[in-house]
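Subject: Handover of a structure

Dear colleague,

Please find below the structure that I am handing over to you.

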Amino acid sequence: MKKNSRWIVLASVLLTSGSTAAPDPGALAPLFGQGEGETRAALMIRDGRVVAKRYARGYSDTNRFVSWSMAKTVTAVLIGDLVAQGKLSLDAPAPIAEWRGAADPRRAITLRMLLNMASGLRHTEVGDPVEASDTDQVLFVSGTQAMAKKAIGVPLEARPGAKFEYSSLTTIILAEIITRTLTASSDARVRANAYRDFATAHLFAPAGIRSVVLDFDGSGTQIGGSLIYMTLDDYGRLGQVLLDGKGIDGRQIVAPDWLAFMKKPSPDNPEYGGQLWLNRQGGLERHPALFPGHGPATLVSCLGHLGQFVIASPDQSLVLVRLGKTQDDTPAFTALRGALAQIVDRVPVIRSHSAGSKE
């Protein structure tokens, strides 16, 4: 336990009825050791019931926590609603007017390619030195007034669909597609309100998520690759949606075929689906994003910078949330991933394969 830290344990908070899962205050202990970085909040839900919940000193139910890249999954869910309404199509050219020129090779980019991080656009998520990152430049330096314009305006560096490249700017393009589908206005306030109202009506309210704050750039584009804020409990409710696509009243709020798409390995990276990380072998990075070999292969997770996780495992009826600060690509991050795997391994599998995870 870290010096001057005190852990607050809360357990057995009902989210949905009908569960007999017993409280397990020690279930989250592996996340709060010496080597996993700074865990600020953690939550375990089984069969719809919170069975373990812990905060670091200074944090509580009143805090909203930054999503970082977990926001990407929220963006994908909203795209799916527009696909279900027939307003967007997975395999049609992405509805970006700037790419529609007859000689523009970017016109071949489809919505599916954007969702699978295979657009072929020249985006650099992590630069060396750090200022070479166009993501950092757009989010924090020169692009804050018109992030989508910057993200859309780059040329191709690979044939669309041929190369996986993780990119927060790609998801900003997806957020811009949502906004343009909802309104033709160029007024930043109108655009932001249209997006916020749509997200609330079609995801947050039916999921029981009440604390969410969406961040927008100067043109009213939601920063859908990086910046959403919610309480710990509401991240848990997001995880519940990822189990089976249902809201708090049992109504289907994410179409089963869309959830299956999000959980299907992309053609260019087996551990990535549609803006969602998969517990699969064969990823392109030096370290796996999750922990293949531990827990079911149907387990999925939102992942955010510095160790933000919302894990959903349908075959275990499990949601596991970890929020905090652990530097990426360090021994501490490897330890954190191992601690999450340890927790997941203790939860029994209750069914062999989830309907929402078919490939």
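The notes below cover a helix contact, a cavity and an aromatic pair.

Please bear in mind that this is a predicted model.

Two helices, α1 (residues 71–84) and α5 (residues 168–182), have axes that come within 10 Å and cross at roughly 35°. The crossing of α1 past α5 is left-handed. On the α1 side, the contact involves Lys 72, Thr 75, Leu 78, Ile 79 and Leu 82. On the α5 side, Ser 168, Thr 171, Leu 174, Ala 175, Ile 177, Ile 178, Thr 181 and Leu 182 take part. By class, eight residues of this contact are nonpolar, four are polar and one is charged.

The whole structure holds one cavity of 30 Å³ or more, and the largest cavity contains about 60 Å³ of space. Its lining is formed by Met 117, Ala 118, Ser 119, Gly 120, Leu 121, His 123, Glu 157, Lys 163, Glu 165, Ser 167 and Thr 170. Three of the lining residues are nonpolar, five are polar and three are charged.

Finally, eight aromatic pairs were found in the whole structure. One of them, Tyr 195 with Phe 216, is edge-to-face, with 6.1 Å from centre to centre and 85° between the planes. Tyr 195 belongs to helix α6 (residues 188–207), whereas Phe 216 sits in the loop between β6 (213–214) and β7 (228–230), so the pair ties together parts that are 21 residues apart in sequence.

Yours sincerely

Technical notes. Residues numbered from 1 in each chain as written. Predicted model: local features only at pLDDT ≥ 70, side-chain atom pairs only at ≥ 80, totals over all residues. Heavy atoms only, no water. Axes fitted to C-alpha atoms, helices over the stretch in contact; angles between N-to-C directions. Helix = DSSP H or I, 4+ residues; strand = E, 2+ residues; numbered from the N terminus. Left-handed = near helix turned anticlockwise from the far one by under 90°. Contact = heavy atoms within 4.5 Å. Nonpolar A, V, L, I, M, F, W, Y, C, P; charged D, E, K, R; others polar. 1 Å grid on protein atoms, 1.4 Å probe; cavity = no way out; pocket = protein on both sides within 12 Å on 5 of 7 lines; lining within 4 Å. Points joined across faces, edges and corners; volume = space filled by probe spheres on them. Phe/Tyr/Trp six-rings, centres within 6.5 Å; stacked < 30°, edge-to-face > 60°.
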